[in-house]
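The sequence and the coordinates are shown below.

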Amino acid sequence: MGEEAMGRRAVDLSGAEIRGDVEGRNPPIFLPRQPAASPLLALDIGGTLIKLVYTASCEGDGGGDDGAELRFAKFERRRLQECFEFIRAKGLLGCNGTRSTNENVLLKATGGGAYKFADDFREKLGVYLDKLDEMDSVVSGANFLLQNIPGAAFTHMNGQRNPVDVSPNNLFPYLLVNIGSGVSILKVTGNRKFERVTGTHIGGGTMFGLAKLLTGCKSYDEFLQLSQKGDNFVLDLIVKDICGELVCQKQGLSTSTLASSFGKVITSKKRLTDYKPEDLASTLLSAFTYNIAQIAFLVASLLGLRRVFFGGSYIRGHKSTMENISFAIDFWSQSQMQAVFLRHEGYLGALGALMSYGDLRGENLTLDESKEEEPHHESAAPVDGTPSDEENDSNIFPYLLVNIGSGVSMIEVIGKGKFERIIGSHLGGGTILGLARLLTGCSSYEEFLELSQRGNNLSVDLTVGDIYGEEGYPKIGLPASTTAASFGKVNSSKLSDYKMEDLAAALLNSFTYNIGQIAYFVANLSGLKRIFFRGAYVCGHEKTMDKISRSLKYWSKGEVETTFLCHEGFLGTLGAFWSYENMGIDSLAAHEVIREVLLGAPYTGQFPSLPVTEQQENGENNSLEGEVKSLRHENASLKAEIERLQRENAELRANLGAATL
């Protein structure tokens, strides 16, 4: 709809500052030059929350002639009626500065819900929604805070909150990590100049969805309060649990290093009801905040950026959330990057939408279908490579070896005996099965995989279509079927309201895609085009391998080869199979390799599908000697298998030669 010039109103940002309790949550922003009459309202209607930013007269400061305040409010999306009542009660329907040619009031709105609930706003409030692109609005909101509000940016490390002085002249470029139901990661190069680089489906919606199922909490704030009282070491597997404190001391390793989130659940006889809700909440928070930070670090490294800002409604100014993210960024970057947070971080989209009032240019803020990008389809044709018969040492190297045990270890191998552990992930097979046991009660990985094959993850996963409608989000190439937030559709806190099969399917999708995404980023950062996967949680499991393959195809657009190093049954379909010696790792029992590889992949033995014995419960099976013996046995078996395959290959070549004669 068109707008009349006389009806336009702009937001005057001159002299804007935070007033009142500057340490409080979302304090008002004082606008001394902004008329208080005729309030302005903008909304960001996301997958979980509705965020409102509006102008109001300053209470006790002389009314409209003395400026106005920007104020903030939020509602769960399922409580849309309460949002309508709030808008009426605050008198925000009077004159929002924008009217269509037929005198209909237009409210600025962004987020997928602006499309899905436009009819509800028209029917219930008699207003039309002027729909603005979400990513454009989020970037505009972040730039508004960073360029106009003193003290809007800060760090939070070791319990200390320190303001960051951001010069508007030296702001760009930066990485913006927006944590909503899912996570969007954007490279911002100027005002209204940005690119959505990537995103992840493991975000706030995943944390909250699983928190409802595991702890019974009713709100995200309740979940955060629970997490502050808990101890994640009750459920998390750490390095000391794997090799003991003595070995850690000899190897110079930190005993408290997180190896596998929820990894202790695997060998525990406890059920979900045996764990404290606060310990479960603490484990969820650390698991996913570390993961988001790791992906942000990898993306920033790939782009050569050192400044990373975190925003989004799921941060909530929560100390533990910010501490986890800050620690992870500092750890992985070796103190070369800082995590910087924003005041009013949950209202970036709504702030950006509010800034568009009176904008004569309207650059990029309204969704322009002519600028659509080609969507990246996950169902692209398979490109798994099958090495030729001439494959040898010279063209095997370099490659990335991804070992999926309870945790995940990623090793760059550049030649025989030449390798380096690059990075690892605490979200591995132990996390998948640990959560599966708590949510479904399954006793083995095989049982979990069988469950997942009969399930439908869309029963609990939030898709782009659930947020934006059947058209998806074409401007940034996201079709409606794309997963926006794993477990983001969970509304009930009753586990019995969901099928075990659907929960299993969602778990498998969530974590295998995450492993594939991180592996791709690591390979890309190291300039590697070939990735080999092995480990107890992937070898021989077709469903797991299929998910990882799809993930790599999606993220790399078919440019990275994915090969699985498994035992019998999959050699012909998934490519050539080399022994560790031929792949460059000559002796898996060597002292140095135990340090670099074994401890980076928390569980390297066979998966415990049988009931746990008392001896296993005491941790004796995790001794270093037992691991070395297991690895030697496995390596011997692999070498024997290679010899057999080489003999068969020689026979086939001989038969082929005889046939051609």
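In this predicted model, E446 is partly exposed, with a relative accessible area of 40%. The residue belongs to helix 13, which covers residues 445–453. Between E446 and L433 there are 9.9 Å in space, C-alpha to C-alpha, and the two are 13 residues apart in sequence.

S227, by contrast, is buried, because its relative accessible area of 6% is under the 20% cut-off. S227 is part of helix 6, residues 220–229. Leaving aside residues up to four places away in sequence, S227 touches E278, A281, S282, L285 and H318.

**Helix 5 and its surroundings**

Helix 5 spans residues 204–215. Its 12 residues reach 16 Å from the first C-alpha to the last, close to the 16 Å expected at 1.5 Å a residue. How many residues of helix 5 are buried? The count is 12 of 12, and the helix is thus described as mostly covered. Among these buried residues are G204, G205, F208, G209 and K212. After helix 5 comes G216, which has a positive phi, near 80°.

The buried residues of helix 5 pack against both helices and strands. The helices are helix 6, helix 8 (277–303), helix 12 (429–440) and helix 15 (500–526). The strands are strand 10 (174–179) and strand 21 (483–485).

Two of these helix pairs can be described by their geometry. Packed helices are characterised by the angle between their axes and the distance between the axes.

| Helix pair | Angle between axes | Axis distance |
|---|---|---|
| Helix 5 and helix 8 | about 160° | 10 Å |
| Helix 5 and helix 12 | roughly 50° | within 10 Å |

With an angle of about 160°, helix 5 and helix 8 are therefore roughly antiparallel to each other, since angles over 145 degrees count as such. Their crossing is right-handed. On the helix 5 side, T206, M207, L210, A211, L214 and T215 take part in the contact. These residues meet P277, L280, A281, L284, L285, F288 and T289 of helix 8.

The axes of helix 5 and helix 12 cross at roughly 50°. That angle makes helix 5 oblique to helix 12. The contact involves L210, L213 and L214 of helix 5, together with L435, L438 and L439 of helix 12. The crossing of helix 5 past helix 12 is left-handed.

Helix 8 itself has 27 residues and reaches 39 Å from its first C-alpha to its last, close to the 39 Å expected at 1.5 Å a residue. Helix 8 is mostly covered, with 23 of its 27 residues buried. The residue that follows helix 8 is G304, with a positive phi near 70°.

**Strand 17**

Strand 17 covers residues 399–404, and six of its six residues are buried, so the strand is largely enclosed by the rest of the structure. In a regular strand the side chains alternate between the two faces of the sheet. Y399, L401 and N403 lie on one side of strand 17, while L400, V402 and I404 lie on the other. Both faces are covered, as these residues are all buried.

Which strands pair with strand 17? Strand 18 (residues 408–415) pairs with strand 17 in the antiparallel sense, over six bridges. The two strands form a hairpin with three residues between them. I404 has V408 of strand 18 as its bridge partner. Strand 22 (residues 530–534) runs parallel to strand 17 and is joined to it by four bridges. Here V402 stands opposite F533 of strand 22.

Seven strands form an open sheet with mixed pairing, in the order 1-2-5-4-3-6-7. Its edge strands are strand 1 (17–18) and strand 7 (128–132), each of which pairs on one side only. Within this order, strand 2 (residues 29–31) and strand 5 (residues 68–76) run antiparallel and are joined by three bridges. L31 stands opposite A68 of strand 5.

Helix 3 (residues 118–125) lies across strand 3 (41–45) and strand 7, and runs at about 150° to strand 7. Helix 10 (residues 348–355) lies across strand 3, strand 4 (49–57), strand 5, strand 6 (106–110) and strand 7. Relative to strand 3, helix 10 runs at about 140°.

Terms used:
Residues are numbered from 1 along each chain as its sequence is written. Side-chain values use heavy atoms; hydrogens and water are left out. Buried means under 20% relative accessible area, exposed over 50%, partly exposed in between (1.4 Å probe, protein chains only). Contact means heavy atoms within 4.5 Å. The expected span of a helix is 1.5 Å times one less than its number of residues. Two strands pair if DSSP finds at least two bridges between them. Axes are lines fitted to C-alpha atoms, for helices over the stretch in contact, and angles run from 0 to 180 degrees between N-to-C directions. Angles under 35 degrees count as roughly parallel, over 145 as roughly antiparallel, 65 to 115 as roughly perpendicular and the rest as oblique. A crossing is left-handed if the near helix is turned anticlockwise from the far one by less than a right angle, and right-handed if clockwise.
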